[in-house]
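The sequence and model come next.

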Amino acid sequence: MGYCYGNVKTHKPGNKLRPIISQIPKPTYYIAKGLCALLTPYIPTSYCLQSASDFIDILNNSDAEGRVASLDVESLFTNVPVDRTINYIMERVYHNEATPKLAIPEAVLRELLEYCTKEAPFTCPRGNKYCQVDGVAMGSPLGVLLANFFMGCIEEEVFKKVKKPDIYCRYIDDIFIKTKDAAEAEHLRLHLQETSGLTFTMENSKDGAMPFLDVLVKQEEGRFTTSVYTKPTNPGLCLNGRSECPTRYKDSTISAYIRRALTHCSTWKQVHQEIQRSTQVLINNNFSEKDINSLVKKIVNSWHNKKQQEDKKGNINIYKATFSTVYEEDERAITQIVKRNIKPSDPDRQATAKVSPKSLKEDDQDYKSMSAGLISG
């Protein structure tokens, strides 16, 4: 049988438990993993983020005029209606002309999904035995799949009736939106809530700033700027520098902090500040300051040199101060123009278009300032 336990949500009021059911001992665990692999390509992903980098790309190609907020689905996993979600899956796999059918009878797939979700026995810390009959818990291979499948289908239904905001993107149960005003945001929240049957809460930006995932988003001078966000409850713990493990694991821990600073921060000044903060966190966890500084310089210089090499290979950077809501169409059109009309004289080079709200000269100047700060530090 599976085993139920809970992790404390230290960042939420009341320190509630997040229920997790470890299903590794269950005979259906590997069936669930197989079903997950088969069904993942069918998930509606129009508004689904794969990572924080996807989110930052959306912000970089959008203007910041409007009102930003985040929506949160309360207890999405434990409230996913299993029967309704399985019906959505059957419809998309077997009755949708846009998707290929699986070589599994529809009745068999439905039965397997029901076995792996509605007949999931588990024990609790007190030894009592239960069977989960609705909703999914973290710990099941199908948990994220069913949550994303349900939310993706709900979004498709809602945006047939309601105009999509300028920005709408979701990472499992966290949603980032940019609307014209508070009324539009509330209208969207109510429609999502009514269509799904779940409860959606809204958090508004404060002084033009809004945390989302591990990114702090700010509206400044008509564009978005981003930096690394850490929750106030974050204790600053990571792999200990004195632990008995391969050196590459320790190097990877340092690299993860540095690369996140490079991908998440809009300016080199912010990168420098985040690296200083990360360095202190690593030192607090018994990492060598010498090793940290060595990797910082290596990774930062490699990152900047890579960007310069890309430019030398024929990349064409097109900078715009503002972007329209149809920036994707603009970018596609520009890309086609470049592809059809520009041919580098050097056959080893390739001309591509890159749309960015910031000039290369600004970026280079910020890098030089940060490099000087690292050297002097």
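## Salt bridges

Eight salt bridges are counted, a salt bridge being a side-chain nitrogen of Lys or Arg within 4 Å of a carboxyl oxygen of Asp or Glu. One of them joins the side chains of Asp63 and Lys178, with 3.3 Å from N to O. Because Asp63 sits in the loop between helix 2 (52-60) and strand 3 while Lys178 belongs to strand 7 (residues 174-179), the pair ties together parts 115 residues apart in sequence.

The model is predicted, so local features need pLDDT of at least 70 and side-chain atom pairs count only at pLDDT 80 or more, whereas totals for chains, interfaces and linings use all residues. Residues are numbered from 1 along each chain as its sequence is written, and side-chain values use heavy atoms, with hydrogens and water left out.

## Packing of helices 4 and 6

Helix 4 (residues 82-94) packs against helix 6 (residues 143-161) at an angle of about 75°, their axes lying 9 Å apart. Helix 4 is therefore roughly perpendicular to helix 6 (65 to 115 degrees counts as roughly perpendicular). In this contact (heavy atoms within 4.5 Å), helix 4 contributes Arg84, Thr85, Tyr88, Ile89 and Arg92, and the residues from helix 6 include Phe149, Phe150 and Glu157. By class, the contact residues are eight nonpolar, one polar and four charged.

## The largest pocket

The lining of the largest pocket comprises 21 nonpolar, eight polar and eleven charged residues. Strand 2 (17-22), strand 3 (67-73), helix 3 (76-79), strand 8 (200-204) and strand 9 (209-212) each supply at least two lining residues.

How values were computed
Helices (H or I, at least four residues) and strands (E, at least two) are DSSP runs, numbered from the N terminus. Ala, Val, Leu, Ile, Met, Phe, Trp, Tyr, Cys and Pro count as nonpolar, Asp, Glu, Lys and Arg as charged, and the others, Gly among them, as polar. Axes are lines fitted to C-alpha atoms, for helices over the stretch in contact, and angles run from 0 to 180 degrees between N-to-C directions. Angles under 35 degrees count as roughly parallel, over 145 as roughly antiparallel, 65 to 115 as roughly perpendicular and the rest as oblique.
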